[in-house]
Amino acid sequence: MTNSIIDTFNEYFDMVPAISDELKNEVYKLRYQVYCLETGFEDPDLFPDGLEIDEFDSHSIHYLIRHKKLGIYMATTRLILPCPNNIEKLFPIEIHSQIDNLDALKHISRNYLGEASRFCVSKDFRRRKNEIHTVPGISEETEKVFSQDEQRIFPHLTLALIACLIKMSRENNIIDWYLIMEPALIRVLSTIGISFVLIGPITDYHGMRRPCIIRVDDLLNGVATKNLEYWDILTNKGRFWDI
């Protein structure tokens with residue numbers, strides 16, 4: 001019998017909270033590789049130490065996805081929390097995009113609002129060099145190194161990163177997310193039941209992107225109605241979030 005996707009993921013991969021300086025440096029190194037060297041979203045000259053860091057990292061939670069056997073970090077994301085010293089401090093989405101759907105924000109409390117940010121997947125686990133925000137595929141080199149079971153996970157790394165965000169949200173009392181996303185990824189995720197609320201027009205920020213918001217409960221309820229296996233991935237079979 002073939003294991004479920006989440007059981008296979010847990011066999012080969014870890015979700016690692018970056019709570020030490022050493023692990024945070026692994027996050028910043030991976031972000032530098034993707035955002036500065038591969039995509040050119042950020043100027044590498046601004047980060048001469050090879051660590052891509054910004055002002056929001058001081059009040060963010062970071063996670064890494066690690067390949068257990070090889071001990072390599074293959075993906076990372078962060079959840080920007082409300083600034084503890086200034087609850088009105090703007091999130092990146094509020095700085096870099098125009099938000100005009102104010103009705104969608106009426107139920108939001110900034111005390112329980114975070115921004116999902118800095119999705120990064122190592123180029124070794126993506127189909128083509130610039131596919132940072134598409135569901136990752138398998139390269140020819142990857143096929144030579146990893147088993148078929150492991151390769152089953154690679155197209156689901158985006159979901160694994162969202163699972164990290166869900167875990168961070170539960171641990172930090174975050175119930176709503178800001179996101180600024182590529183329209184193609186919004187469409188892909190809508191097919192599995194993740195329905196983002198659009199709150200502004202497309203803007204040029206790390207590529208052409210659309211500002212969105214979603215309540216974590218709504219995200220998971222939408223996925224549960226479409227595909228319980230994906231719900232298992234996002235919640236680690238309910239361990240990350242209550243039904």
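This is a predicted model: local features need pLDDT of at least 70, side-chain atom pairs count only at pLDDT 80 or more; totals for chains, interfaces and linings use all residues.

Analyst: **Cysteines, charged pairs and their surroundings**

Cys83 has a relative accessibility of 14%, so this residue counts as buried (buried means under 20% relative accessible area, exposed over 50%, and partly exposed in between, with a 1.4 Å probe and protein chains only). Cys212 is buried too, because its value is 0%. The structure holds 0 disulfides, a disulfide being a pair of cysteine sulfur atoms within 2.5 Å.

Residues are numbered from 1 along each chain as its sequence is written, and side-chain values use heavy atoms, with hydrogens and water left out.

Now to the charged pairs. Side chains of opposite charge can pair when their charged atoms come close. The structure holds 16 salt bridges, each being a side-chain nitrogen of Lys or Arg within 4 Å of a carboxyl oxygen of Asp or Glu.

Let's begin with Arg66 and Asp14, whose side chains meet in a salt bridge at 2.6 Å, N to O. Arg66 sits in strand β2 and Asp14 in strand β1 (residues 13-17), so the pair ties together parts that are 52 residues apart in sequence. Strands (E, at least two residues) and helices (H or I, at least four) are DSSP runs, numbered from the N terminus. Arg66 counts as partly exposed because its relative accessibility is 22%, and Asp14 is partly exposed at 23%.

Next comes Arg78, which forms a salt bridge with Asp57, their closest N and O atoms being 2.7 Å apart. Arg78 belongs to strand β3 (residues 72-80) and Asp57 to the loop between α2 (21-38) and β2, so this pair links parts that are 21 residues apart in sequence. Both Arg78 and Asp57 are buried.

Arg110 is in the loop between α3 (92-96) and β4 (113-121), and Glu88 is in the loop between β3 and α3, so parts that are 22 residues apart in sequence are tied together. Arg110 is buried, with a relative accessible area of 19%, whereas Glu88 counts as exposed at 53%. Some salt bridges also share partners, and these join Arg31, Glu42, Glu52, Asp54, Asp57, Arg78 and Arg118 into one network.

Which residue touches members of that network? Have a look at His62, which has Arg31, Asp57 and Arg78 among the residues it touches. Its other contacts include Val16, Tyr28, Thr77 and Met168, with residues up to four places away in sequence not counted; contact here means heavy atoms within 4.5 Å. His62 lies in strand β2 (residues 60-67). At 2% relative accessibility, His62 counts as buried.

Asn173 has a positive phi of about 60 degrees although it is not a glycine. Asn173 is found in the loop between α6 and β5 (176-181) and is exposed, with a relative accessible area of 52%. Lys237, also not a glycine, has a positive phi of about 60 degrees as well. Lys237 lies in the segment after α9 and is partly exposed, at 39%.
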